[in-house]
Amino acid sequence: MLLASADPCRFGPHQAALAAAVVAQGLVAHDNAHLLGEIRRLATTDDLTGIPNRRHLLDLADRWLSWARASGRPLVAMMIGIDGVQEVNESSGQRVGDQVIRAVAQRLQGDLADDDVLGRYTGTELVLLSAVDEGVDAMAE
């Protein structure tokens, strides 16, 4: 906020205090908006992998299913199990097992089409949702 005047005596302590109060309220609103965004991110994102968590994944799946029904387009849902994580946890520790899960999720996420959704369903299970490309349909016929 900027208070300006050609008259150097125009603004006194009362105006400065009022301006400071307005600025403080603006900062509080900014901080609250930032915190709300962070709460939304934490509520929908798996901390370990950065992909949608189970709750958000199921919400997205409901929306995708409604879209597929309305559009008549096929939808693919694939469950991906990451085998051997328990053995890695036992032999090398949970931190290494977590790195395995994170690496698999990142690798899959990097290979997805823009519209595909990858989410964490359980500890070692991921779900991939994808709309079938019409070009694939034409090749199958």
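**Salt bridges in this model**

Let's start in helix 2. The side chains of D59 and R63 form a salt bridge there, with N and O 2.4 Å apart. A word of caution: this is a predicted model. How far apart are D59 and R63 in helix 2? They are 4 residues apart, so about one helical turn separates them.

D59 is partly exposed, at 32% relative accessible area. R63 is partly exposed too, at 49%. That value stays in the partly exposed class because exposed means over 50%.

How many salt bridges does the structure hold? There are 3. Let's take the other pairs.

Next up, R107 and D111. These two form a salt bridge as well, and their closest N and O atoms are 3.9 Å apart. That counts because the cut-off is within 4 Å. Are these residues buried or exposed? R107 is exposed, with 61% relative accessibility. D111 is exposed as well, at 60%.

Last pair: D46 and R120. Their side chains meet in a salt bridge, 3.0 Å from N to O. Which parts of the chain does this pair link? Distant ones. D46 sits in the loop between helix 1, residues 13-44, and helix 2, residues 54-71. R120 belongs to strand 2, residues 117-122.

One general point. Side chains of opposite charge can pair when their charged atoms come close.

To recap: D59 and R63 pair within helix 2, about one turn apart. R107 pairs with D111. Thanks, everyone.

Key. Residues are numbered from 1 along each chain as its sequence is written. This is a predicted model: local features need pLDDT of at least 70, side-chain atom pairs count only at pLDDT 80 or more; totals for chains, interfaces and linings use all residues. Side-chain values use heavy atoms; hydrogens and water are left out. Helices (H or I, at least four residues) and strands (E, at least two) are DSSP runs, numbered from the N terminus. Buried means under 20% relative accessible area, exposed over 50%, partly exposed in between (1.4 Å probe, protein chains only).
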